[in-house]
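Colleague: Please take me through this structure one feature at a time, with the general idea before the particular case.

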Amino acid sequence: MDGALQTHYGRRAEVDSSASWLRMLAGLALSTIGSFGIWAVVVILPAVQAEFGVARGQASFPYTATMLGFAFGAVLHGRLADRFGIVVPAVIGSLAMGLGCVLASFSGSLLQFALAQGVLVGMLGSAAMFGPLVADVSQWFERRRGLAVSVVASGNYLAGTIWPPLLQAAVAAVGWREAYLWSGLIAIVLMLPITLALRRPPPPPSGTATRDAAAAAQGIGVPPGVLQALLVLAGLSCCVAMSMPQVHIVAYCGDLGFGPARGAEMLALMLGFGVVSRIASGWIADRIGGVKTLIAGSTLQCIALIFYLPADGLASLYVVSILFGLAQGGIVPSYAIIVREVFPAGDAGARVGLVLMSTIVGMAAGGWLSGWIFDLTGSYQAAFLHGIAWNLVNMAVALWLLLRMRATPRVALA
């Protein structure tokens, strides 16, 4: 066996190894710290609205800017990772996320705050800490790929569990500006050393995995571009629906007279149980596949959104928020798993980034639309119905994909 083959098979031995699990933990840590800015802007929404004297829809704009930046940054950082490796986007993201929080703390207007959030925190910062890390860890696992992808993707929700209560307490103690300033500085100090654990390039894909992906794509029976577009539509739809509780639960609790602190607790519970859902969904996806896992999560999310309609008491909102977290946590990682099932490993960063971009655009658009609908109607009931309608679109696309896969099983096997 020549040196090249020895190197190839030696690197293949690293798949599903202890190095893979350490890589997964490093990705989880970076994702958890690097997603701070996404959830922080939700927590301080009432304070920003009061300080700048704007309506609820306008106050939601910094969140929309953050998520739109996150969306386009997912593709940008995904391409950087495919070309230069994961370390380059990870270092850029660490520096940009921290700097963005610092600059946001000095903003003199809502527009300045939104720009710091959208460009630095969202596009150049936090975007590097989700899609690229998920795509990277997917190349280090085969037998436990669904679980590994879900664990790293859980960092986004773990951040939503840890940071909102801490930030809410900090805002109450020193104000949102100083809380933001120190958060940005601490993030840089913590994140840069962790990026060193990602220096080793991923193992080369096996020939079997490459053939399986090609067969699966052929089995669906649609061109790769159409398949990618369908996944983008599904991601957009599910996250327009998902954004309603996640973005507005703090403000909703304030409107009902329970106070923003109770809303921050509900958000933390929602995302904490979302972590449980994500990890469980990864375990399930390793057994039934990404498409079926997506259908299950989307259906449960729709049911939970329906439960929000009659819930206006403190206890009922806590319960429904927990149910919503358990329902929707595994949806977004399912897209990354589906991409790895039907597309080549070398395209993972860009293709996962594109699908995740659509989910983030959905979150951004849904967050703004929910605020706009509230300003128009004076109630969140119509916003919940709006989310349910988009959820049905996601379910229809996922069911269509499943039916296509079942209709041509022999082609896939061939």
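**Reading the salt bridges and the nonpolar regions**

Modeller: Let us begin with R262, which is partly exposed at a relative accessible area of 28%; buried means under 20%, exposed over 50% and partly exposed in between, with a 1.4 Å probe and protein chains only. This is a predicted model, in which local features need pLDDT of at least 70 and side-chain atom pairs count only at pLDDT 80 or more, whereas totals for chains, interfaces and linings use all residues. Residues are numbered from 1 along each chain as its sequence is written, and side-chain values use heavy atoms, with hydrogens and water left out.

Colleague: With which residue does R262 form a salt bridge?

Modeller: A salt bridge is a side-chain nitrogen of Lys or Arg within 4 Å of a carboxyl oxygen of Asp or Glu. R262 makes one with E265, where the closest N and O atoms are 2.6 Å apart, and E265 is itself partly exposed at 32% relative accessibility. Both residues lie in helix α14 (residues 260-288), and because they are three residues apart there, about one helical turn separates them. Helices here are DSSP runs of H or I with at least four residues, strands are runs of E with at least two, and both are numbered from the N terminus.

Colleague: How many salt bridges does a search of the whole structure find, and which parts does the pair of D136 and R23 tie together?

Modeller: The search finds three salt bridges. In one of them the side chains of D136 and R23 meet at 2.9 Å, N to O; D136 belongs to helix α9 (residues 131-138) and R23 to helix α2 (residues 18-34), so this pair ties together parts that are 113 residues apart in sequence. D136 is buried with a relative accessible area of 7%, and R23 is buried as well, at 5%.

Colleague: Is E51, which meets R177 in a salt bridge, buried or partly exposed?

Modeller: E51 is partly exposed at 40%, and R177, at 25%, also counts as partly exposed. Their side chains come to 2.6 Å, N to O, and since E51 lies in helix α4 (residues 45-52) and R177 in helix α11 (residues 176-195), the pair ties together parts that are 126 residues apart in sequence.

Colleague: Which residues make the nonpolar surface patch?

Modeller: Such a patch joins nonpolar side chains (Val, Leu, Ile, Met, Phe, Trp, Tyr) within 5 Å, or like charges within 9 Å, from residues with over 30% relative accessible area and no salt bridge. Here V276, L300, I303, I306, F307, V319, L323 and L326 make a patch of about 650 Å². Helix α15 gives the most, four residues, while V319 sits in helix α16 and is partly exposed at 49%.

Key
Areas by Shrake-Rupley, 256 points an atom, 1.4 Å probe, with all protein chains shown as cover.
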